[in-house]
Amino acid sequence: MSDDKKNDEVLLLDHDYDGIKEYDNPLPRWWLFTFYITIVFAPIYVYYYHFGPGLSLSEELDQNLVKIEAQENLTQEQTKKLSEADLLALINDKQVINEGRALYNKNCLACHGAFGEGLIGPNLTDNYWVHGDGSLKSVLLVISTGVIDKGMPEWGKILSPKDLQNTTVFVRSLLGTNPKNAKTHEGTLIE
Amino acid sequence: METKQTYNDKIVKAFLLATIGWAFVALLLGVIIAYQMAYWQANFDLEWLTFGRLRPLHTNAAIFAFAGNIVFAGIYHSTQRLLKARLFSDVLSKVHFWGWQLMILLAAVTLPLGFSTGKEYAELEWPLDILIAVVWVVFAINFFGTIAIRRVKHLYVAIWFYIATVLTVAILHIVNSIALPVSLLKSYPVYAGIQDALVQWWYGHNAVAFFLTTPFLGLMYYYLPKSVGRPIYSYRLSIIHFWALVFIYIWAGPHHLLYTALPNWLQTLGMVFSLMLWAPSWGGMINGLLTLRGAWDKLRTSPIVKFYVAALTFYGMTTFEGPLLSIKSVSALGHYTDWIVAHVHAGTLGWNGFMAFGVIYYLVPKIWKTKLYSDKLATLHFWTGIFGILIYYISMWAAGITQGLMWRAVDGNGQLVYPDFVETVTKIVPLYQVRAFAGLIYLIGFLFLVYNIYKTIKSAPSDQPEEVFSAPVIKNKKGIEFIPKSHRHFEGLATSFTILVLISVLVGSIIEIMPVLSLDSYVSEGKKVKTFTPLELAGRDIYIKEGCYVCHSQMIRKLATDVQRFGPASTIEESMYNRPFQWGSKRTGPDLARIGKKYPDAWHYKHMINPRSVVQQSLMPNYPWLADKKTDLYILRKKLSVMKNLGVPYTKEEVANADILAEKQARQIAERLIISGGVNASVEDLTRKEIVALIAYLQALGQKAINPEGEL
């Protein structure tokens, strides 16, 4: 408040509205300066982003998506590298199964049931396969790439390779458990 | 010759009492829905108590009932005194009062019943829109009539702000509400997709500007100097910040649509004009606070001054935060989160609420010719209110930024750290509990006011004669002190002044809205989408009725993490037949723009009946009645024909057979639900249920590309 108080009485205008009077103090300089800056900023910004080198929102998005896609591809490569033998080596690993169970409960239970008995999605405990050939690797790939037409999400975009692997191992552990209210067999029988 | 006249204060009293009554309703509704966010059970599975239906009622009550009534009270009281004239017409005043209360009452009935246009802050259906327009015109005649018969040459700055309010709100309301009726309580807007988005946010943002800002600045310019007995700090500042506000505000609407499918040039205009608004907004705060120079001691002694000073401070905070949030990169983080909720409540609870309370504490004793029952209680109200707002603000600020950061967190694999949307919600539920409590505190503070005012009015003398004043004579109507080209001269010319205000608000409106009115120039032929089937349209209207848009967006922004989470960015074409658009402004639940075909029908069925059966930690209410209530299929012919008249390319056959087509599609869904989804019902029965139509709509979202291999 740098304003000079002595000047007040000089600055008092002869305005009177129902007893309200008005001073004619000058505009605070810092305030005016702020206003000018925002006004000057506008054409500069417009020029830079609409006529100059600035990227449009779509261009910026495309650039970012390219980077993300490259990373995603790397991740998917990692998943694909997992072999049947790698997965088989884990089927008795308690830690892996427990982590897989937690992931299953969070992501899969809603459609495949609490015990893999099948609900909206197919039964995971029988030897009938709608997708894949019953190998661990094929289960991994179905989880990873999803079955979009049937409402199975592409989990490879959401879960890390390790999480996909653990979920796969847990799903295998459900095989042959014969839960209650199991959904009827779907797909082909593969022994 | 000087004449003796009286002021019409009866109408001021009526509006004051209405303010207090509706404020209670608005605040109570706010607390109820805040608890529903914290505890989803808090609607008791009653459809008319769900968040989706009560939230529009809360916002409408807060804006139009609470703020509206105090604005009318203040304008009617101060205008008469500033112009030294009794209100133009006692009859019009009464019509205005009762018409407005009737409108609010009808809103309070229709919104919980689900009669909603689905347009934010303008949810009322067309008959009520007409009622609002008529009442507003009555108000305008009464107000401008009073200006015409004034006995003071020059218009004071408060009156300038009132003029801007009366004019602009009329324009905003009428332009935004244009629609074709389908039935008594259902209509489709003439705007579609980005047009509707732009018009609605031009309206929505300027409702904040011209319903919650300019009239309150007007009130501040009268009641603050009146309460402290000091001259206004700077006449010059009031001129500059008034014209700057009126001219610039109208451009800023698109800042609600940053990174969306709205054309880039509009987003840029919205952003740069929002930044330019910062200083003009602060001009009002500075002029108010500096008026207190030499009277700061009153801040200690007078609860009224406390309310004003806090209100101006909150005004300053929000009008700094507003431009900040309008910067594209800040909006990218804050948009759709509770940060926005924090921001608007600092404005409404702090600025509007506290200004209103200050005016009530000043005006009630004055106008009832008595003294305030208790200054101490008013001071207690002040501190309770401050406490409530601060907890509210801080909790929602934390919630918004936390969630915004979680949405964009990406790990080294390039994957989202929190791919599960519900995780980001569960995290902030404790803050929702804190917020609900904060709202309760604010409401309790308000109850102190109710009691205080009740005791004050009770203590008033029973004889309440109207206040007499002497109306001076204006000697020369054409201008007593003609100073060419000066603003002062202009302040004496009410008509020219009004016309210039009108031009100021029209410039930005026309430049932004006109180009978009030809939607075709923004739609590329190759990306056009299919129209909704009749059943999907029926489902869409259920989506609107239940207010799904208050928690779900349908707009995947041009942001990498939005795309990763929800799919390719939304396009202009995808909402070209959406009347109204449903992009939403808040994501309490996930975006739904591409929800179609993501889950099987049965998933949606289970999710609607009880969301927690498929998403364990969901906050969404149950919607069991959707499986009981029947969809009105017969009206679909009318709906399609209205849509066709609005330019949606339905064929004659589709219109004529709308109900049959809908029934056929519904039957297929019902069969799927029963056979593979395990739903226990007969096909005949299930076919007609609302839930089936809603599922049809949800499954169509993001699935309407004519050429799915194309860019979409």
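Visitor: What makes the pair B:E321 and B:W339 a polar contact?

Guide: The two side chains come to 2.8 Å. A polar contact is a pair of N or O atoms within 3.5 Å; within protein, one must be able to donate a hydrogen and the other to accept it, and residues adjacent in sequence count only if both atoms are side-chain atoms. The 2.8 Å value is therefore inside the cut-off. This is a predicted model, where local features need pLDDT of at least 70 and side-chain atom pairs count only at pLDDT 80 or more, while totals for chains, interfaces and linings use all residues. Side-chain values use heavy atoms, without hydrogens or water, residues are numbered from 1 along each chain, and chains are lettered from A.

Visitor: Where is B:E321 placed, and how do you know that the span of α11(B) agrees with expectation?

Guide: B:E321 is in helix α11 of chain B, residues 303-326 (a DSSP run of H or I, at least four residues). The expected span is 1.5 Å times one less than the number of residues. For 24 residues that gives 34 Å, and the end C-alpha atoms are 34 Å apart, so the two agree.

Visitor: What makes α11(B) mostly covered?

Guide: Of its 24 residues, 20 are buried.

Note on methods: Helix = DSSP H or I, 4+ residues; strand = E, 2+ residues; numbered from the N terminus. Buried < 20%, exposed > 50% of the residue type's maximum accessible area, 1.4 Å probe, protein only.
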